[in-house]
Amino acid sequence: MEDEIKKRKDKIFDEEFFPHMKALYNFAFHLTYDEENANDLVQETFLKAYRFIDSYQKGTNSKAWLFKILKNEFINNYRKKVKRPVNVDFEDVVNYHESDDASYVGSLDLRQEIFQNMMGDEITIALNSLPVDFKTIILLCDIEGFTYEELAKILDIPIGTVRSRLFRARNMLKEKLRDYALQIGYKEKR
Amino acid sequence: MEKNTTHHCDQLISKVFLALDGEMSADEEKKFLDEINQCSCCLEKYQIEKSFKEFLSKKVKHECCFETLANSIKDKLSKNAIH
């Protein structure tokens, strides 16, 4: 009987969970900005998934389920371990009002030729300088392609907040990249 | 608002992210694209945001020794497995 349960669990792991390992690692790395911590975080995620596998319904959205476990594990156990502090500008905090009726117009333009000349490291540094909630939503939406409904479930926030947070996060990231572009000699268009 | 168009740019631009994030139905997306193609200002905004999203998904990647990680996870699972 125990062997059958183990076989069933192993099958779910092999078929539904392990295919997401690379995406989970990428998410973990950008949350912790440290390879060792990212490895530990992914391992903890899989161990937790195994422990709570009975609450997972086979064939449902395994990727969102695993990402939610990883996000919670990071918030509960890893956030304080991350050595590099997250830089939060006072202005960013003041402007960070999450509401459902936020305006989605007037977002910041970043000229295509600027960002297309940037390397991955520059983006990673800019992304890592964002407050963790903003960094998380960009990683989950723009990199992993989760829908707003999935994001709401993973992050435990309403869909309206998903939209407003995403909007602000993207603008903040573009602002960081534009600052960088200006530093290396690009001229302001607006 | 651009001449010869009947839409309000603000309203259309507010839908750009819904389109790019795959939050529109096929009909909604078609209508949106038809409309946005009629306004060079809105279209430029859409293309910039589209490129930025594509750019992020290409650049934000970090590889590791996935085989080692997978083996380590499997090893830990076999030791810690709760049947």
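Angles under 35 degrees count as roughly parallel, over 145 as roughly antiparallel, 65 to 115 as roughly perpendicular, and the rest as oblique. The model is predicted: local features need pLDDT of at least 70, side-chain atom pairs count only at pLDDT 80 or more, and totals for chains, interfaces and linings use all residues. Residues are numbered from 1 along each chain as its sequence is written, chains are lettered from A in the order written, and side-chain values use heavy atoms, without hydrogens or water.

**Exercise 1. Classify how H2(A) and H5(B) cross, and name the residues that touch.**

Solution. 
- Locate the helices. Helices are DSSP runs (H or I, at least four residues), numbered from the N terminus. H5(B) spans residues 66-80.
- Take the angle. Axes are lines fitted to C-alpha atoms over the stretch in contact, and angles run from 0 to 180 degrees between N-to-C directions. The two axes come within 11 Å and cross at roughly 100 degrees.
- Classify. H2(A) and H5(B) are therefore roughly perpendicular to each other.
- List the contact (heavy atoms within 4.5 Å). H2(A) brings A:Met21, A:Lys22 and A:Tyr25, while H5(B) brings B:Phe66, B:Leu69, B:Ala70 and B:Ile73.

**Exercise 2. Describe the interface of chain A and chain B.**

Solution. 
- Count residues. 48 of chain A are in contact with 35 of chain B.
- Get the area. Buried area is the accessible area (1.4 Å probe) that two parts lose on being put together, summed over both. Here about 3900 Å² is buried, 68% of it on carbon and sulfur atoms.
- Find salt bridges (a side-chain nitrogen of Lys or Arg within 4 Å of a carboxyl oxygen of Asp or Glu). The rule finds three across this interface. B:Lys53 and A:Asp142 meet in a salt bridge, N to O at 2.7 Å.
- Find the main supplier. H3(A) gives the most to the side of chain A that touches chain B, with eight residues.

**Exercise 3. Work out how H9(A) packs on H10(A).**

Solution. 
- Read the geometry. H9(A), residues 148-155, packs against H10(A) at about 100 degrees, with the axes 9 Å apart.
- Classify. The pair is therefore roughly perpendicular.
- List the partners. A:Tyr148, A:Glu149, A:Leu151 and A:Ala152 of H9(A) meet A:Ile159, A:Val162, A:Arg163 and A:Leu166 of H10(A).

Key:
Helix = DSSP H or I, 4+ residues; strand = E, 2+ residues; numbered from the N terminus.
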